[in-house]
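Student: I would like to learn how to read a few features of a model. Can we go through them one at a time?

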Amino acid sequence: MAPQPPLLTMSGITKSFPGVRALDGVDLEVQAGEVHCLLGQNGAGKSTLIKVLAGAHQPDSGEITWRGEPVTLGSPIAAMRLGIATIYQELDLIEGLSVAENVFLGHEPTSAGFVVRGSAARTATARILQRLGHAEIDPARLVGDLSAAQQQIVSMARALSHDVRLIVMDEPSAALDPEEVDNLFRIVGDLTADGVAVIYISHRLEEIRRIGERVTVLKEGRSVAGGLPAESTPTQEVVALMTGRNVEYVFPERPEAGFAAGREPVLKVEGLTRRGEFAPVDLELRPGEIVGLAGLVGSGRSEILETVYGARKPDGGRVLVDGTPLRPGSVRAAVRAGIGLAPEERKAQALLMLESVSSNVSVSTLSRFARAGWLDRRTERAAAHQAVRELSLRPDNPDAAIRTLSGGNQQKAVLARWLLRGCKVLLLDEPTRGVDIGARAELYAVIRRLADDGLAVLLVSSEVPEVLGLADRVLVLREGSVVHTADARELDEHRVLDLVMEGSLTP
Amino acid sequence: MTQPATAAQKEAPTSATKSTGGQEGSRRLGLRWDMRSLSLLAVLAVLVAVGGITAPDEFLATSNLQLVLTQASVIGVVTVGMTFVITSGGIDLSVGAIVALASVWATTVATQEFGFAGILFTAVIVGVGCGLVNGLLIAYGRMVPFIATLAMLASARGLALQITDGSTQIVTVGSVLDLGARDAYVLGIPPLVLIFAAVTVIGWLLLNRTTFGRRTVAVGGNAEAARLAGIDVRRQRLYLYLLSGLCCGIAAFMLIVLAGSGQNTNGNLYELDAIAAAIIGGTLLSGGRGTILGSVLGVLVFTTITNIFALNNLETAVQQIAKGAIIVAAVLVQRRSMHGDA
């Protein structure tokens with residue numbers, strides 16, 4: 001390649017917040033037309049770095065050059081003018097506005113300077129969506145009515161509505177199906193072919209191998225390696241750079257096949273159905289068993305879990321715990337019967353972000369620590385402490401604010417909530433979402449240990465290897481129907497994906 | 001929650017208590033004076049100093065201090081109820097109107113025939129009844145609190161006007177009037193102030209020491225998470241508006257004692273005063289964090305300002321501008337301290 005100035009160089013970037021040094025000397029160099037991957041554990045500084053790049057945070061020191069010229073990114077608008085667009089992990093769309101209005105928010109095509117030309121925006125939006133391979137999204141629809149995957153496309157369309165030279169994507173694949181991910185990669189390929197650079201952040205190493213060209217690794221606010229070849233750097237080396245130690249990405253050992261066959265099922269699901277979401281499902285869960293639901297987003301996996309839990313009202317069928325049917329559509333009935341849920345959106349559906357670890361753990365068990373409504377806070381805190389200790393949650397302090405914990409430890413707090421409650425059936429929806437690689441193995445071990453202690457676990461994950469590695473039995477879902485049930489050891493990722501896409505594998 | 005705890009779980013808390021019991025004792029006992037409460041206390045101290053300097057003879061006179069506290073008591077009781085509602089992520093715009101309705105209903109000729117008990121009972125029941133309607137509409141009718149309580153504001157005021165036909169209903173029951181008289185003061189403290197103190201203490205305990213308080217905070221912090229954790233969010237919401245209505249009923253009774261009459265214009269703009277006091281006290285308008293102490297300090301600050309302005313013969317207009325400035329300043333401080341520990 002002919003030597004030309006890199007599109008972007010950042011050197012010696014530091015940024016402190018009260019009490020935290022988020023960035024402590026980061027160097028990053030991005031060439032035009034490349035896919036540059038940014039790797040690091042949660043808390044390594046990735047988010048802060050991309051906010052600096054987006055003009056949302058001002059660095060305390062360090063230099064940024066753009067096409068050879070030193071620049072300051074004083075505001076999001078300044079960054080956008082240079083051609084830097086950012087697609088955040090937490091989508092920043094306005095649900096009450098249409099697709100086109102969101103795409104052109106802040107730079108609407110106007111007549112006479114202020115009259116918005118809605119039709120022009122819609123036409124332009126349709127063109128961008130076409131380019132993204134999603135012509136089926138109507139530019140006039142409200143964003144709030146779209147699925148998560150479609151919203152992601154809209155976010156991307158918004159980025160492309162500017163004259164971009166660099167797109168930063170923060171975990172764009174987290175909410176996507178394998179099929180959608182393929183489409184995403186195709187788009188990324190098109191963009192780079194046009195000379196646009198992409199900074200790609202993901203926890204999934206296999207994705208980085210597929211599309212990345214070079215990798216920069218962040219650890220504790222510092223860039224510990226820059227410009228590694230994405231394809232050929234051994235996984236061991238990357239993980240070691242990220243964690244500072246050698247971590248083997250392994251699943252805990254399973255008990256022998258059929259170990260639970262003689263046990264009485266604790267959870268029975270009979271013909272449970274919700275119109276438009278999933279066809280009648282039958283399911284049995286025995287103590288000590290981990291059963292996985294594999295399927296694409298929209299295959300009904302999370303919906304089944306939430307209906308079993310009573311958070312959605314079924315149109316038919318029933319759920320039995322220890323042979324007793326539950327009142328349909330009642331979370332309280334499910335909880336009382338001994339079912340617990342670790343929901344998909346941890347922050348939105350499970351955690352009280354302003355509260356301590358202890359309050360978050362005890363929230364489902366308050367009555368046990370109260371006499372006539374009066375809380376015995378000592379016992380409550382001690383019990384919560386005991387529960388989080390059993391799951392080796394860090395820090396070992398029940399008074400710590402939950403929001404200061406990493407994703408993995410927040411998830412442990414949610415598990416501790418149900419451990420404390422003494423539940424018999426644990427429903428896990430995407431238990432490792434937003435949990436970094438180092439902490440995943442530990443979480444897997446915790447889940448297996450809970451099962452070994454007699455809990456029945458129903459697991460949903462969009463990561464097929466996770467389902468196959470952790471579960472004993474796997475139910476494969478396709479468009480709301482169970483298309484295959486098998487021992488996890490008899491399946492491999494390829495077969496599951498085949499089933500998920502086609503639903504026609506001969507047994 | 002009848003889930004029997006397993007033997008292991010029963011044992012677990014005791015052993016953990018032993019290991020951590022010592023260190024937590026001292027930390028958990030005292031009231032937690034956060035920065036905001038301290039700064040409000042400082043503001044209050046400055047105000048007292050200003051009052052003492054600008055009107056040295058009048059402000060610090062026992063009778064004036066008794067007056068300030070009595071005035072703070074009525075709105076203070078309403079604010080305690082409001083603090084619960086706001087902590088749960090709701091709002092109650094109808095408090096002033098409920099106070100008005102309860103005060104006129106409890107002072108009709110028919111009610112007064114039942115004497116002291118009749119008046120007290122009617123005031124409380126009307127308050128709780130209005131709270132019940134609010135609560136049912138919000139919790140089970142899935143109405144937005146702002147709209148449901150706005151509707152209650154309009155109808156309760158209308159009903160109060162209809163009952164009185166715009167006239168002032170003089171209280172003739174001696175025992176009620178006696179409660180406001182100097183003879184009823186306990187060690188120099190007016191009974192109404194004692195009621196306020198009792199409501200404050202009970203409110204503080206309820207919010208900080210009971211499952212009810214914890215659930216209130218959980219619903220306000222994240223209603224969906226609370227629901228998925230097995231909390232009956234709707235019933236909790238119903239109780240909260242009942243509680244607010246109850247506080248309004250008590251406040252209406254206090255107002256009857258104070259004014260010796262019931263009027264349909266009673267409690268005018270109490271909703272705004274109560275919300276403002278709760279907010280400057282440190283309760284988050286978005287829910288999830290509430291402080292009774294802060295609210296009480298907020299009420300005291302506002303009442304003291306009103307008093308100082310009145311003693312110095314300043315116009316109401318100036319007084320209202322000062323109130324507005326204090327609200328802005330308090331929220332700015334609140335934002336800074338939020339950022340500080342984020």
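Student: Where is the place of E430(A)?

Tutor: Elements come first: helices (H or I, at least four residues) and strands (E, at least two) are DSSP runs, numbered from the N terminus. E430(A) sits in the loop between strand 21 (425-429) and helix 15 of chain A. E430(A) is not a glycine, yet its phi is positive, about 50 degrees. The model is predicted: local features need pLDDT of at least 70, side-chain atom pairs count only at pLDDT 80 or more, and totals for chains, interfaces and linings use all residues. Residues are numbered from 1 along each chain as its sequence is written, while chains are lettered from A and ligands numbered from 1 in the order in which they are written.

Student: Which peptide bond is cis?

Tutor: The one from R394(A) to P395(A), with omega near -5 degrees. P395(A) belongs to the loop between helix 13 (377-390) and helix 14 of chain A.

Student: At what angle do helix 14 and helix 15 of chain A pack?

Tutor: Axes are lines fitted to C-alpha atoms, for helices over the stretch in contact; angles run from 0 to 180 degrees between N-to-C directions. Helix 14 (residues 407-421) and helix 15 (residues 437-452) of chain A pack at about 15 degrees, with axes 10 Å apart. That makes helix 14 of chain A roughly parallel to helix 15 of chain A (angles under 35 degrees count as roughly parallel, over 145 as roughly antiparallel, 65 to 115 as roughly perpendicular and the rest as oblique).

Student: Which residues of helix 14 of chain A meet helix 15 of chain A?

Tutor: Contact means C-beta atoms, placed from the backbone, within 7 Å. G408(A), Q411(A), K412(A) and L415(A) in helix 14 of chain A meet A439(A), E442(A), L443(A) and V446(A) in helix 15 of chain A. By class, the residues of this contact are four nonpolar, two polar and two charged. Here Ala, Val, Leu, Ile, Met, Phe, Trp, Tyr, Cys and Pro count as nonpolar, Asp, Glu, Lys and Arg as charged, and the others, Gly among them, as polar.

Student: How far apart do the C-alpha centres of domain 1 and domain 2 of chain A lie?

Tutor: Domain bounds come from an automatic or database domain assignment. For chain A it gives domain 1 (8-243) and domain 2 (267-502). Their C-alpha centres lie 32 Å apart. Domain 1 of chain A gives 13 residues to the contact, and domain 2 of chain A gives eleven. On the domain 1 side, helix 6 (178-193) and helix 8 (235-243) of chain A are the elements giving two or more residues. Helix 8 of chain A has the largest share of that side, three residues.

Terms used
Two residues are in contact if their C-beta atoms, placed from the backbone, lie within 7 Å.
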